[in-house]
Amino acid sequence: MNKYNVNNKRIKIEYFQHPSDKMAVDAVLKVPGVEKVLEFISENAAEKLLAIINDASSLKITEEINPKIHEMIREAAEMFCTEVSPSVYLDRSYFIQLKTDGMANPHMIFSTALLEKVDDETLWGVISSGIAAFEAKHATIKLIDKIITYANGVLPFTVSEALRLAINNWKRNREYTCDRALLLALGDFEKATKYMLLGEAPDSTLNRIRFSDPTNCFYDQSKEFLERKNENAVIQKINILTSTNHPYSSRYTELYNWYISGEYDEVLERSVSDEL
Amino acid sequence: MSYDSLKGLVPEDYQHSGEVVAMKVLKAVPLMDKVMDYYLAWSLKLDTYPAIFGNYYKVTEESCPRLYNLYKVALKRLDMDKEYPLFVTLAFEYNACAFGGSEPFLVINSSFLKDCTDDELLFILGHEIGHIKSGHTTYFNIARNLNKILSGIHHVTAVLSIGIEYAMEEWFRNAEYTSDRAGVIASGGNMQACYSAVMKLLGQSERIADMDFSVEKVLKQAKDFEMDSVGVIGKVLYIGATMENCHPWSILRLKHIYDWYNSGEFDKLVGKFK
C-alpha cells in the first residue's frame, strides 16, 4: 500500500503536460537524429561532468541516509508511470528548490532550505513535480541550453540571443507542467499554491489567504499584473523572458485557471485508481 | 594527543605537496613580497579597512568572548605570536577569509557562529590562520597580479596566461588543503569536529529532520570518489569545471583531511614537538 500517493493514482504525462512545454520538447525530438546526438553528448560529456561535480561537491542522500525521500521518489515514479530512479543529492542553498537533470543518469538535488522548510506532504508534492520533469523529458532542452551557453562565443550574437529567449520561454512553460504535477500529487490547491509562494511572504500571511477563492488579494494582484502585461505586451514579454524568475502571478493564474477549467478533475478521473 | 601549542611549528611542517613548487617560485622573485606588501598596505588602507571597520563587527574579549577565546586557542596551537584583527559579518553562506599582506585580518560569517560547535569553529579559525601562517595572503596577491600583468602584455602571453591561470588556481586549491591541515592542528586533532565542519559546507544541517548524515557515511562517499575512476574525458571536464574555482570541492577536502590524518602525518608532526 502506498504511503504518500494515498489514492494510488496513475497519471500519464500526456494527461497534464502544458501544451507549450510539450510542443517545444516534441519539436526538438522530431528533428531526425537529434535525440541520439543529445543522448551521446549527455552520456559522454554533460552527465559525466555533472556526476563528477555532484559526487565531489554535494552530499549524496542514499537510501540508508534518508529512506523516506527514496520511498517518495519510488511512489512518485509509480504515480507518473515511469521507472526513473534518480541519484539524490543535498546542496546548501537558501533557495527553496529541487533541481532535476540528466537523461542517461538522472539526478535530483535538494536545497537545504527546501528540506528545512517543508513538511512531508509538501515534500511529496515537490518530489512528484521533479519526477514529472523527467517524464516530460525536460533534460533534453536543458542540455541544448547548456550547449548554447558553451557555444556563446561561436554563434552570432543575434542567433544566440534568439535561442536564449526561446529557451527561456520554454523554461516558463515547463514550470507550468511541474506546477500541475505538484497539484496532482498533493490534491490540494491551497497547499500547492502555498509551496509556490513559500519564502515570498511570511508563513502567517500565506496561511491566511484562501488561494482557491477568486476574491483573495493575491488573485487581485495577479489580475493586475496580467492587465499591465497586456498593456505593453511585447515589452512585458521580453521582461519576463530576460528576468531570472518566472513571475509568481503568472504561475498562480495559470494553475488556477487550469484547476477551475475542469481539466484537473478530468486528469484525476482518467488516472486509474487501484483498490486499496 | 593533547597539546596547547606546537612551539616552533612552520608551514613547511604540514604543507600540501601540491603547493611547494608555486611557493618556491614566488618566493624566489626578488623583492616581490616587499613590493606586494607595500602595495597591499596602501590599497587596503585606502578602501578595504574603512569598509571592514565600518561595516563588520570586531571580535574582542568583550564583544564576542566565545569566538575570541577560541581564536586565542587556535593561534596558540598554531604557534602564532601575533593576534590579527578578526571580524564577523552577517551572511547566510558558510564562509570565512583571511586577507591582507603583512597586516592581515580575518573575517568569519555569522552563519558559522550560529551553526557550529566550538570544536568546529577551531577548525575554521585554524584554517584561516593557516592561510596567514603560510603567507598565502601575500603570495596569492602576487600570483594574481603577475598574471594580470602578463595577460595584458600581448595576445600570445594572454593565451599563455590561461595555462598560468589554471596552474595558479590549482595551487590555490592545494593551498586550501594546507590550510585545512592547519585547521586540524588548531582543533587539537579532533577529527570528528573537522569532518563535521566540512560537512556543514556540504549542506549537513541539524534543522533537516530524518537525515542521518553520520561522519562515517559521508566519509564513505569521500573515499569512494576517485579521480582515477572518471577516465580521460572526466579529467578534461574536471579541468574545465574547476578552472575558476579557488576552493576544492568539499568532498575532496574531506578526503584529503582524512588521508592526511590517517597516513600518520599528524601524529608524527605533533610527536616532533613533544
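Tutor: Two strands pair if DSSP finds at least two bridges between them, where strands (E, at least two residues) and helices (H or I, at least four) are DSSP runs numbered from the N terminus. Residues are numbered from 1 along each chain as its sequence is written, and chains are lettered from A, with ligands numbered from 1, in the order in which they are written.

Student: Which residue of E2(B) stands opposite Lys58(B)?
Tutor: Lys58(B) belongs to strand E1 (residues 57-58) of chain B, which is joined to E2(B) by two bridges and runs antiparallel to E2(B). In that pairing, Tyr57(B) has Val88(B) as its bridge partner. Opposite Lys58(B), E2(B) places Phe87(B).

Student: Which strands are the edge strands in chain A?
Tutor: Chain A, which holds 14 helices and four strands, has an open sheet with the order E1-E2-E4-E3 and mixed pairing. The strands that pair on one side only are E1 and E3 (98-101) of chain A.

Student: Which residue of E4(A) is the bridge partner of Thr100(A)?
Tutor: Strand E3 of chain A is joined by four bridges to strand E4 (residues 107-111) of chain A, and these two run antiparallel. For Thr100(A), the partner found in E4(A) is Met108(A).

Student: Which element supplies the largest share of the side of chain A that touches chain B?
Tutor: A contact requires that the C-beta atoms of two residues, placed from the backbone, lie within 7 Å, and between the chains 23 residues of chain A meet 27 residues of chain B. On the chain A side, at least two residues each come from helix H3 (34-57), strand E1 (59-60), strand E2 (87-91) and helix H5 (112-117). The largest share, nine residues, comes from H3(A).

Student: What percentage of the contacts in chain A between residues at least 6 apart in sequence join residues at least 24 apart?
Tutor: Leu182(A) shows what such a set of contacts looks like at one residue, for beyond its neighbours within four places in sequence its partners include Gly125(A), Val126(A) and Tyr195(A). Across chain A, whose C-alpha trace spans about 55 × 50 × 35 Å along its principal axes, the share of contacts joining residues at least 24 apart, among those at least 6 apart, is 70%.

Student: What pLDDT does chain B average?
Tutor: The model as a whole scores ipTM 0.80 and pTM 0.86. Where pLDDT is low, the predicted coordinates should not be read in detail. In chain B, 94% of the residues score at least 70, and the average pLDDT is 87.

Definitions and conventions. This is a predicted model: local features need pLDDT of at least 70, side-chain atom pairs count only at pLDDT 80 or more; totals for chains, interfaces and linings use all residues. pLDDT is the predictor's confidence in each residue, from 0 to 100.
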